[in-house]
Amino acid sequence: MTSTRERRHAERAREKQLRDALRAHSREIGEHAADDEALLALLSSRRFALLGEASHGTHEFYEQRAELTKRLIVDHGLDAVAVEADWPDARRVDRYVRGSPEDGSAEEALRGFRRFPHWMWRNTVVRDFVGWLRQWNDAQPPERRVGFYGLDLYSLSASIEAVLAYLDDVDPEAAKRARARYACFDHFHEDAQAYGYSVAFDLAPDCEQAVVQQLVELRERSIEAVEREGYESDALFDAEQNARVVRNAEEYYRAMFGRRVSSWNLRDRHMVDTLQAIDAHLAQRLGREPRIALWAHNSHLGDASATEMGAEGQWNVGQLMRERYGAHRCTLVGFTTFQGSVTAASDWGAAEQRKSVRPGLAGSFEALFHEAGPERFALHPNDPRFAKAFVEPMLERAIGVIYLPESERRSHYFHARLPAQFDAVLHFDVTHALEPLDPGAHWRIEEVPETWPSGV
């Protein structure tokens, strides 16, 4: 029987082993991670750069991700950026960065991002990146211009409008058929959650057959275009992807009122399916395999099979990308922080606030990184020498659009095996809140740090 003293001695020895392993394998970085040539070499050696974030509201995560992407564009021929955002809103940005006169500035091009949480994409870092991308593309021939795409599926109503607008222009009879199919949603007044609730409790018939029929019809049109012309136009591709959003969003909102795992898996599968469609479309246009950067939360881009979420039956983008394309073609990069501030809300749909981020919990990667590492460092956790010391899972923090410090452990931490989860990790010990383009009164007044109870 092991005594308390022996257990404590073993714990201290284990902690020392972890600190020593981290100090031996972390590499201090300067102002920009993009200046780290070892990291750039890793990212440029694979087709897909999956660049995460530990929150949806941290300036440093967005800034470093943007700078890494610029280097990949300028020095390594990156062809597209695909982000955790709705397809129609990102499509407006794509038109702008490719030279469309529809919007006069990057800030105008981002006005499509109106739904909560608008600050995820309507912020100063994304504005500056979009402005830079427009300038870069203006100096390139059309075939070398870098695209900007959305991967998410929340835009059911906006995507219906986009499909109808396309068909009104090219085939009025097809537009009539599409209107008849999509009329199934009319009495929900653009409230997709109300639709999902009504169907889940047998208060209304589902629209599944109608949206599948519409997607199939547009898919057939796309196949015919490729057979006839050798390619599909960007406009047809856009319409087809919007029809796919409608089809998958219909399924997602029905699943929302069932098991959480099911709706999560549907969403991440949709994002990877959309990425594959973008990949195939660009390959057709370029005549070669494209190189694409993905911007999304760590919880989507770190391999879920290495986390407790995976043990519960969830998969995610990072895991599916490794399975579909092979780990040797994808670089999964996670971001972490110990403390600072973050832009987040206290409830879904509530106003954004500048919230204080409490220090990482004892026993977490964040606490270890703070104690043993430099203030800013890069780490390749799947290095066999490092991975050997980190066989056992540890706590890892994830802050989404909602941050609840009063229930920090329950709301924002999960167990993960870092060496299997990411190919690289970037740590910034103290970080700052992302600045929205339209900061409300709640954001302008910085939250005063509170004293959290010790038991949370």
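1. Ground rules. This is a predicted model, in which local features need pLDDT of at least 70, side-chain atom pairs count only at pLDDT 80 or more, and totals for chains, interfaces and linings use all residues. Numbering starts from 1 along each chain as its sequence is written, and side-chain values use heavy atoms, with hydrogens and water left out.

2. Helix α11 itself. The 22 residues of α11 reach 31 Å from first C-alpha to last, close to the 32 Å expected at 1.5 Å a residue (that is, 1.5 Å times one less than the number of residues). Helices here are DSSP runs of H or I with at least four residues, strands are E runs of at least two, and both are numbered from the N terminus. Of the 22 residues in α11, 19 are buried, so the helix is largely enclosed by the rest of the structure; buried means under 20% relative accessible area, with a 1.4 Å probe and protein chains only.

3. α10 against α11. Helix α10 (residues 208-229) packs on α11 (residues 234-255) at about 160°, with the axes 9 Å apart. Axes are lines fitted to C-alpha atoms over the stretch in contact, and angles between N-to-C directions run from 0 to 180 degrees. The pair is therefore roughly antiparallel (angles over 145 degrees). On the α10 side, the contacting residues include Val211, Leu215 and Arg219, while Ala239, Ala243 and Arg247 are among those in α11; contact means heavy atoms within 4.5 Å. By class, this contact has nine nonpolar, one polar and eight charged residues. Asp, Glu, Lys and Arg count as charged, Ala, Val, Leu, Ile, Met, Phe, Trp, Tyr, Cys and Pro as nonpolar, and the others, Gly among them, as polar.

4. α4 against α11. The axes of helix α4 (residues 87-97) and α11 come within 10 Å and cross at roughly 160°. That makes α4 roughly antiparallel to α11. From α4, Trp87, Pro88 and Arg91 meet Asp234, Phe237, Asp238, Gln241, Asn242 and Val245 of α11. The class count for this contact is four nonpolar, two polar and three charged residues.

5. Ser26, while you're looking. Ser26 lies in strand β1 (residues 26-28) and is buried, at a relative accessible area of 15%. Beyond its neighbours within four places in sequence, Ser26 is in contact with Pro374, Phe377, Ala378 and Leu379. From Ser26 to Asp94, 68 residues apart along the chain, the C-alpha separation is 37 Å.

Conventions. Angles under 35 degrees count as roughly parallel, over 145 as roughly antiparallel, 65 to 115 as roughly perpendicular and the rest as oblique. Buried means under 20% relative accessible area, exposed over 50%, partly exposed in between (1.4 Å probe, protein chains only).
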